[in-house]
Amino acid sequence: MRGTSRIPRSLLGALVGVTALLTTGTLAAPAGAAPAPAPDPGARSVTAAAQERARDFWTPQRMRDAAPLDLLDGQGARGSTPAKGAKATVAPTAPAAATDVGIQAFPNGGSQWTGGGAVVSTAGRVFFTYQGRTASCSGNAVTSANKSTVITAGHCVKMDGAWHTNWVFVPGYHDGQAPHGRWTASKTLATPQWTASEDINYDVGAAVVAPLGGRLLTDVVGGQGLAFNTGYNLRMYSFGFPAAAPYDGEKFIYCSGNTNRDFLLSNDHGMTCNMTGGSSGGPWFTQFNESTGTGLLSSVNSFKYNFFPNRMYGPYFGADAQNLYQAAQSS
């Protein structure tokens with residue numbers, strides 16, 4: 001891994017340099033920002049005209065060329081402990097036709113997902129403009145009241161104090177193609193702690209996507225379930241589209257293993273995983289069923305320590321992550 005990018009104040013550490021193509025520059029203000037404070041400081045609304053521009057902007061070539069956004073570096077990270085609440089789960093919304101998959105390796109430190117199942121449709125790449133450059137992360141569609149909610153990392157919607165623009169979700173992405181369409185964000189959100197100070201313990205983001213062709217997102221691709229306040233030391237599967245070496249963003253990669261709580265500087269889950277930049281925001285599942293590709297989204301790819309390059313960390317889904325989900329699905 002090489003290079004660094006501009007340092008968020010709250011992290012007090014370098015960003016992992018897997019995206020040297022993203023050079024430091026002047027941050028763009030959120031498109032359409034009003035002079036008065038927005039009613040919800042943890043969200044950014046996107047006009048219909050901006051949504052149309054974003055959908056047109058992301059051509060197959062631009063998607064292939066998008067630089068992966070950095071995985072954050074947790075070195076020096078400090079923040080409050082995520083608030084706990086009652087355990088809560090939301091069931092997956094099964095797609096119309098879930099493909100059976102073969103048994104995959106467990107544990108697994110990072111290889112291509114060779115099966116099918118619902119996850120190949122609900123997960124996808126996230127594309128946006130960051131500091132004037134095209135960039136990518138990962139995300140996943142979830143069961144929601146509005147049938148239009150995507151969960152990702154906080155730094156995949158807002159970073160260094162500015163909301164990303166031209167934000168789209170491409171479920172089932174491969175080779176510059178969007179088999180289920182390019183879904184533009186009508187609203188992007190993050191936990192209040194991430195919005196205010198980019199606290200790494202709360203690196204959770206969400207997007208509400210606009211209908212496409214008169215249809216809603218999870219009616220097309222299905223939605224994964226969610227779990228909140230379920231504790232640590234869990235058996236998990238993580239997925240994403242890493243795009244920094246040795247990956248290129250064109251393969252759907254997974255890791256799996258028994259997780260444990262970070263014993264260093266955060267309150268995150270930790271898992272052995274060699275995914276790189278571009279995988280940020282990809283889902284972590286508990287109770288994942290390999291035969292159907294469904295599970296309960298319980299964290300997302302967030303950061304690595306420079307001195308532990310083969311270990312990924314993801315935020316604990318406590319009360320604030322649950323509140324974010326509720327705000328997104330009710331939008």
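A disulfide is counted here where a pair of cysteine sulfur atoms lies within 2.5 Å. The views come from a predicted model, in which local features need pLDDT of at least 70 and side-chain atom pairs count only at pLDDT 80 or more, while totals for chains, interfaces and linings use all residues. Residues are numbered from 1 along each chain as its sequence is written, and side-chain values use heavy atoms, with hydrogens and water left out.

**View A. The two disulfides of the structure.** The structure contains two disulfides, and when the bonded cysteines of the chain are numbered in sequence order, their pairing reads 1-2, 3-4.

**View B. The disulfide between Cys137 and Cys156.** The S to S distance of Cys137 and Cys156 is 2.2 Å, and the link is left-handed, with -80 degrees about the S-S bond. Cys137 belongs to strand β7 (residues 133-141) and Cys156 to the loop between β8 (149-152) and β9 (158-159), so the pair ties together parts that are 19 residues apart in sequence; strands are DSSP runs of E, at least two residues long, numbered from the N terminus. Cys137 and Cys156 are both buried, a term for under 20% relative accessible area with a 1.4 Å probe and protein chains only.

**View C. The disulfide between Cys255 and Cys273.** The sulfur atoms of Cys255 and Cys273 are 2.0 Å apart. Cys255 sits in strand β16 (residues 253-258) and Cys273 in the loop between β18 (269-272) and β19 (283-289), so this pair ties together parts that are 18 residues apart in sequence. The torsion about the S-S bond of Cys255 and Cys273 is about 65 degrees, and the disulfide is therefore right-handed. Cys255 counts as buried because its relative accessibility is 0%, and Cys273 is buried with a relative accessible area of 1%.

How values were computed
Helices (H or I, at least four residues) and strands (E, at least two) are DSSP runs, numbered from the N terminus. Buried means under 20% relative accessible area, exposed over 50%, partly exposed in between (1.4 Å probe, protein chains only).
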